[in-house]
Amino acid sequence: MALGQRVLYDSATGADVATRDRRIGYVFQHYALFPHLSAAANIAYGLHDASPTDRSARVKELLEMVDLTGFAERRPHELSGGQQQRVALARALAPRPDLVLLDEPFAAIDSFVRDHLREQLRAIHTRTQVPMILVTHDVADVRRLADTVVLYGHGVVLEVGATAEVLDTSGVQ
């Protein structure tokens, strides 16, 4: 398994980069925020190697990016589902990963908020240019966010290609 030119795992050569060193951000389906930490502290969690000044600046930058500037000191239970999702995304982006994995990021969000968050995720992707892999069962997420689609069925890759092409030829609605 490689990310760009970096081999992360190869059983044949014995290469096995530790998970914490792979530079991959992850947004869990149910956010997995630390309930005892504020939004700012959740975002800063992966920045343990940064100086306090750099950590503070990065958290501020990310709170602005996800449109949560006034929510830095709120705990997860004080945030809506959409706000929690944005904190989780900011936390994944905080250490400047080479890739972000998003596991059903909108599954627990109502449809009105979901549309707004899709647009916000698209804008964040455009701004950061961090490659993102989105796992979803929602075709609307795919149509609005994906440039490339890998269509799976029963654990097997069925088709890979440009979003419109794959969705049109596969008959996925």
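Is Arg-58 buried or exposed? Arg-58 counts as buried, because its relative accessibility is 10% and buried means under 20%. The structure shown is a predicted model.

- Arg-58 is joined to Glu-61 by a salt bridge, in which the closest N and O atoms lie 3.0 Å apart.
- Both residues belong to helix H2, which covers residues 52–65, and because they are 3 residues apart there, about one helical turn separates them.

- Arg-6 and Asp-98 bring their side chains together in a salt bridge, with an N to O distance of 3.1 Å.
- Arg-6 is part of strand S2 (residues 6–7), while Asp-98 sits in the loop between H3 and strand S6 (99–103), so this pair ties together parts of the chain that are 92 residues apart in sequence.
- Arg-6 has a relative accessible area of 30% and is therefore partly exposed.
- Asp-98 is likewise partly exposed, with a relative accessible area of 30%.

- Through salt bridges that share partners, Asp-115, Arg-118, Glu-119, Asp-138, Asp-141 and Arg-144 form one network.
- Arg-118 counts as buried because its relative accessibility is 4%.
- Asp-138, by contrast, is partly exposed, with a relative accessible area of 24%.

**Packing of helices H3 and H4**

- Two packed helices are described by the angle between their axes and the distance between the axes.
- Helix H3 spans residues 81–93 and helix H4 spans residues 111–128; they pack at an angle of about 20°, and their axes are 11 Å apart.
- Angles under 35 degrees count as roughly parallel, and H3 and H4 are therefore roughly parallel to each other.
- The crossing in which H3 passes H4 is right-handed.

- Val-150, Tyr-152, Val-157 and Val-160 make a nonpolar surface patch of about 380 Å².
- Two strands, S8 (148–153) and S9 (156–162), each contribute at least two residues to the nonpolar patch.
- Val-160 is located in strand S9.
- Val-160 counts as exposed, because its relative accessibility is 52% and exposed means over 50%.

- Tyr-31 lies in the loop between strand S5 (24–27) and helix H1 (39–44).
- Its phi is near 70°, a positive value in a residue other than glycine.
- Tyr-31 counts as buried, because its relative accessibility is 6%.
- Ala-32 is also placed in the loop between S5 and H1.
- Although Ala-32 is not a glycine, its phi is positive, at about 55°.
- Ala-32 is partly exposed, since its relative accessible area is 38%.

- Leu-102 is a residue of strand S6, and at 2% relative accessibility Leu-102 counts as buried.
- Leu-102 and Leu-134 are separated by 32 residues in sequence, but their C-alpha atoms are 4.8 Å apart in space.
- Pro-131 is found in the loop between H4 and strand S7 (132–135).
- Pro-131 is partly exposed, because its relative accessible area is 41%.
- The C-alpha atoms of Pro-131 and Leu-3 are separated by 10 Å, while the two residues are 128 residues apart along the chain.

Technical notes: Residues are numbered from 1 along each chain as its sequence is written. This is a predicted model: local features need pLDDT of at least 70, side-chain atom pairs count only at pLDDT 80 or more; totals for chains, interfaces and linings use all residues. Side-chain values use heavy atoms; hydrogens and water are left out. Patches are made of residues with over 30% relative accessible area and no salt bridge: like charges are joined within 9 Å, nonpolar side chains (Val, Leu, Ile, Met, Phe, Trp, Tyr) within 5 Å. Accessible areas come from the Shrake-Rupley method with a 1.4 Å probe; for residues, only the protein chains shown count as cover. A salt bridge is a side-chain nitrogen of Lys or Arg within 4 Å of a carboxyl oxygen of Asp or Glu. Helices (H or I, at least four residues) and strands (E, at least two) are DSSP runs, numbered from the N terminus. Buried means under 20% relative accessible area, exposed over 50%, partly exposed in between (1.4 Å probe, protein chains only). Axes are lines fitted to C-alpha atoms, for helices over the stretch in contact, and angles run from 0 to 180 degrees between N-to-C directions. Angles under 35 degrees count as roughly parallel, over 145 as roughly antiparallel, 65 to 115 as roughly perpendicular and the rest as oblique. A crossing is left-handed if the near helix is turned anticlockwise from the far one by less than a right angle, and right-handed if clockwise.
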